[in-house]
Amino acid sequence: MRLNPAVRKALADIVATLNDGASASNSCTVAEGVFVPLADFECRGIQPSIAIRALDDTRMIRHPQPGGPPTVSRQIRGTTVVGVILAPAHVEGLDPAAFGLAAEEQAATPSDSTAAQQRGR
């Protein structure tokens, strides 16, 4: 499935603000990926529900809890901001291994030596 072109353009514009230190955007990297405020989509003429649906359909959003809502809130500059976490694998130039999720997945999947030790018990 391909990402809606309007959402793709807005998302590219939002992610580009990560490199702009003087930007007023609230998007930022977090342990799980890239936090994208829903208001940033609205500023670009995209309804948040459409953005969420398009990103969720293409499995680009990290859900905080399995089966839970795709949105999260973050405190940014003293204000609670609602947004989504974009998986780092979907952002060119980001190393997914540098994010906390990679460590969690590694811990959840035992190495071959750990699995062998567990079988030997």
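Me: How many salt bridges does a search of the whole structure find?
Reply: Three. A salt bridge here is a side-chain nitrogen of Lys or Arg within 4 Å of a carboxyl oxygen of Asp or Glu. This is a predicted model, in which local features need pLDDT of at least 70 and side-chain atom pairs count only at pLDDT 80 or more, while totals for chains, interfaces and linings use all residues. Residues are numbered from 1 along each chain as its sequence is written, and side-chain values use heavy atoms, with hydrogens and water left out.

Me: What makes D13 and K9 a salt bridge?
Reply: Their closest N and O atoms are 3.1 Å apart, which is within 4 Å, so the pair qualifies. Both residues sit in helix α1, four residues apart, about one turn of the helix. Helices (H or I, at least four residues) and strands (E, at least two) are DSSP runs, numbered from the N terminus.

Me: Why is D13 called partly exposed?
Reply: Buried means under 20% relative accessible area, exposed over 50%, and partly exposed in between, with a 1.4 Å probe and protein chains only. D13 has 32% relative accessibility, so it counts as partly exposed.

Me: Which parts of the chain does the E32 and R74 pair link?
Reply: E32 and R74 form a salt bridge, with closest N and O atoms 3.2 Å apart. The pair links distant parts of the chain, 42 residues apart: E32 is in the loop between β1 (28–30) and β2, and R74 is in strand β4. E32 is partly exposed at 33%, and R74 is partly exposed at 26%.

Me: How do you know whether R53 is buried or exposed?
Reply: Its relative accessible area is 58%, which is over 50%, so R53 is exposed. Its salt-bridge partner D57, at 3.1 Å from N to O, is partly exposed at 34%. Both lie in helix α3, four residues apart.

Me: What about D40, which has no salt bridge?
Reply: The nearest side chain of opposite charge, R44, is 4.7 Å away, which is not within 4 Å, so no bridge is counted. For charge, Lys and Arg count as positive and Asp and Glu as negative; His and the chain ends are not counted. D40 belongs to helix α2 and is buried. Leaving aside residues up to four places away in sequence, D40 touches I14, S25, N26 and S27, a contact being heavy atoms within 4.5 Å.

Me: What makes a set of residues a nonpolar core?
Reply: The members are buried Ala, Val, Leu, Ile, Met, Phe, Trp, Tyr and Cys residues joined through side-chain atoms within 4.5 Å. The largest core has 20 residues, and V7, L11, V36, F41, L55 and L86 touch the most other members. The largest share, five residues, comes from α1. A second, separate core of six residues includes V30, F35, V72 and V81.
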